[in-house]
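Visitor: I would like to learn how to read a protein model feature by feature. Could you give me the general idea each time, and then the case at hand?

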Amino acid sequence: MNERTSLRIARPDDWHLHLRDGEMLKAVLPYTARHFARAIVMPNLSPPVTTTAMAYAYRERILAALPSAMTFTPLMTLYLTDTTDAGDVRAGAKAGLISAVKLYPAGATTNSAHGVRDIERVHGVLETMAEIGLPLLVHGEVVADDVDIFDREAVFIDTVLFPLRERFPSLKIVLEHVTTYQGVDFVMAADGGTAGTITPHHLILNRNAMLVGGMRPHYFCLPVAKREAHRLALRKAATSGDERFFLGTDSAPHGDGAKQSACGCAGIFNAPVALACLAHVFEEDGALDALERFASLNGPKFYALEPNRDTVMLEKSAAPGPFEAQIDVGTDKVTVFDPGFRLCWRVRS
Ligand code: DOR
Ligand code: ZN
């Protein structure tokens, strides 16, 4: 059979994205807007986006940073805290401004200090969300000192997520950036209303890729990449086309200075190459036909939105790239995710 060298799919959306603010926002936004029609924008700014008014202002800043020739729809989220006002959440959702609420366990990751300390305190907000059908997006890691970092997702699923789903059976839940087979199982064990996003990098990296032969700060993100058996479970879930799994790139830019340091921060900037990486992965698994479902159809279905009408063309050439290795952000640089293989797919512009 002839090798497939092109693929046209409905324009994808990114269901988990960090756009930051200010200069960084300006620098990274065009890379997402070039390929994606919409994105669920994470609220972990400093200070975090905790109210509908803040989300409105952030949305305005995103739209102001968008080059005039581009179209892109940011889908805004609220950062859940112990003091989130259910009335504000309801109003934001009703106005069509708020697409989801994000649960960061306090201290789990970048700018999560204001996150939820005790899930019982937010039960009132979760009740409202279940009632109005607003999804809860979950960073699924416990932060207890005595839980090994590689076990934090699995422990969170057992101790927090299963009980949460039992307590709020009609709450729509997205387990974000799934990194374990326990995460895949949690999503598959639901009878509707639960989904999982998967990043391109977790489909490509296991923990050896990050740590063997030298420590690679640009492969460090949270939840951290796990052992190979987990990566294979993610590949299977994503490439199956199962409607409960869809793309969330978790593209999370940090300046190289902050990443390449004695205490380097978590986050992988993959927006420029996310779709090319996915085409490579799906081709490798003989699943190019499922790519559209994963990147363009399953997400809108979960969020009760229409898929995008226009399309993108993915093309494979004999030679890799060209892709930028870094982008400039003011005087700093942000390194672009390097998947570690010859990346011969690209989005035709
Ligand atoms: O690696 C990560 N980076 N994981 C997160 O959950 C947050 C993100 C960031 O904001 O940099
Ligand atoms: Zn994230």
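Guide: Let us begin with strand pairing: two strands pair if DSSP finds at least two bridges between them, and the strands themselves (E, at least two residues), like helices (H or I, at least four residues), are DSSP runs numbered from the N terminus. Here β1 and strand β10 (residues 311–316) pair in the antiparallel sense over five bridges, and Arg8 has Met313 in β10 as its bridge partner. Before going further, please note that this is a predicted model, in which local features need pLDDT of at least 70 and side-chain atom pairs count only at pLDDT 80 or more, while totals for chains, interfaces and linings use all residues. Residues are numbered from 1 along each chain as its sequence is written, chains are lettered from A and ligands numbered from 1 in the order in which they are written, and side-chain values use heavy atoms, with hydrogens and water left out.

Visitor: In what order do the three strands of the open sheet lie, and which are the edge strands?

Guide: The order is β1-β10-β13, with antiparallel pairing; β1 (6–10) and β13 (345–347) are the edge strands, each pairing on one side only. Direction ignored, neighbouring strands of this sheet are turned by 25° against each other on average. For such angles, axes are lines fitted to C-alpha atoms, for helices over the stretch in contact, and angles run from 0 to 180 degrees between N-to-C directions.

Visitor: Which helices pack on the sheet?

Guide: Contact here means heavy atoms within 4.5 Å. Helix α11 (residues 274–284) packs on the sheet by touching β10 and β13, and its direction makes about 140° with that of β13. Helix α12 (residues 291–302) also packs on the sheet, touching β1 and β10, with its direction at about 25° to that of β1.

Visitor: How should I read a hairpin, for instance the one that β11 and β12 form?

Guide: Strand β11 (residues 326–329) and strand β12 (residues 332–335) pair in the antiparallel sense over four bridges, with Ile327 opposite Val334 and Gln326 bridged to Thr335. Two residues lie between these strands, and Gly330 in the turn has a positive phi of about 60°. The covered face of β11 carries Ile327 and Val329, whereas the uncovered one carries Gln326 and Asp328.

Visitor: Which protein atoms are the donors of the zinc ion (ligand 2)?

Guide: Donors are N, O and S atoms within 2.8 Å of the metal (3.2 Å for Na, K and Ca), and water is not among the atoms, so sites may look incomplete. The protein donors of this zinc ion are His16 (NE2), His18 (NE2) and Asp250 (OD), lying 2.0 to 2.1 Å from it, and along the chain the donors follow the spacing H-x1-H-x231-D.

Visitor: Is His16 buried or exposed?

Guide: Buried means under 20% relative accessible area, exposed over 50%, and partly exposed in between (1.4 Å probe, protein chains only). His16 counts as buried because its relative accessibility is 1%, and His18 is buried as well, with a relative accessible area of 7%.

Visitor: What should I look for in backbone angles?

Guide: Most residues other than glycine have a negative phi, and most peptide bonds are trans. In this model, His177 has a positive phi of about 35° although it is not a glycine; His177 lies in the loop between β7 (173–175) and α6 (181–188). Arg20, likewise not a glycine, has a positive phi of about 60°. Cis peptide bonds join Leu222 and Pro223, with omega about -5°, and Gly321 and Pro322, with omega about 0°.
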